[in-house]
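Thanks for coming. I will go through one structure, starting from a single loop residue and then moving out to the whole chain.

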Amino acid sequence: MIGPSAAVRVMLATRPVDFRKGMDGLAALVRDAMGADPFSGTVYVFRSKRADRVKLLVWDGSGLVLATKRLEAGQFCWPKIEDGVVRLSAAQLAALVEGLDWKRVHAARPVGVPAVAG
């Protein structure tokens, strides 16, 4: 998979959405429920009720792009279901889309900086 650059903003909707929604319905959800601009270039990530499918919505500068992925086995790792959004890094998004636990992905430490024990 060709992933987004490290500078991309990723917003994950914590509540499941109706997966019959297409790009226009999801863009309206971003605008109305999340209070965000669906045409900002931010990647918005939504999950199905069973958490076996995700949809990604992003404005690429010339149009909306909608990508969908379904896991054949298992579920996507998701934060606690509550109102709101969670911001992810590009690396966390890549892990999420691969079906991995994105919460275990952390920013790399600069070379020569010791890890903090705790």
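Start with Ala-51, which sits in the loop between E2 and E3. Helices (H or I, at least four residues) and strands (E, at least two) are DSSP runs, numbered from the N terminus. Ala-51 has a phi near 65°, a positive value in a residue other than glycine. Most residues other than glycine have a negative phi. Is Ala-51 buried or exposed? Ala-51 is buried, with a relative accessible area of 5%; buried means under 20%, exposed over 50%, and partly exposed in between, with a 1.4 Å probe and protein chains only.

Before going on, the ground rules. This is a predicted model, where local features need pLDDT of at least 70, side-chain atom pairs count only at pLDDT 80 or more, and totals for chains, interfaces and linings use all residues. Residues are numbered from 1 along each chain as its sequence is written, and side-chain values use heavy atoms, with hydrogens and water left out.

Now the overall layout. The protein has 2 helices and 5 strands, in the sequence pattern β-α-β-β-β-β-α. Of its 118 residues, 35% are buried.

The 5 strands form an open sheet with mixed pairing, in the order E4-E3-E2-E1-E5; two strands pair if DSSP finds at least two bridges between them. Strand E4 (64–70) and strand E5 (85–88) are at the edges with a single partner strand each, so one side of each has no neighbour in the sheet. From one strand to the next, the twist averages 20°.

Inside the sheet, strand E1 (residues 10–13) and strand E2 (residues 43–47) run parallel and are joined by 3 bridges. Val-10 is opposite Val-43 in E2.

Next, the helices. Helix H1 (residues 23–32) packs on the sheet and touches E2, strand E3 (53–59) and E4; contact means heavy atoms within 4.5 Å. The direction of H1 makes about 75° with that of E3, where axes are lines fitted to C-alpha atoms, for helices over the stretch in contact, and angles run from 0 to 180 degrees between N-to-C directions. Helix H2 (residues 90–97) lies across E1, E2, E3, E4 and E5, at about 110° to E5.

Which residues have the most contacts inside the largest nonpolar core? They are Val-43, Val-45, Leu-93 and Leu-96, in a core of 19 residues. Such a core is a set of buried Ala, Val, Leu, Ile, Met, Phe, Trp, Tyr and Cys residues joined through side-chain atoms within 4.5 Å. H2 gives the most to this core, with 5 residues. A second, separate core of 11 residues includes Met-11, Leu-26, Ala-27 and Phe-46.
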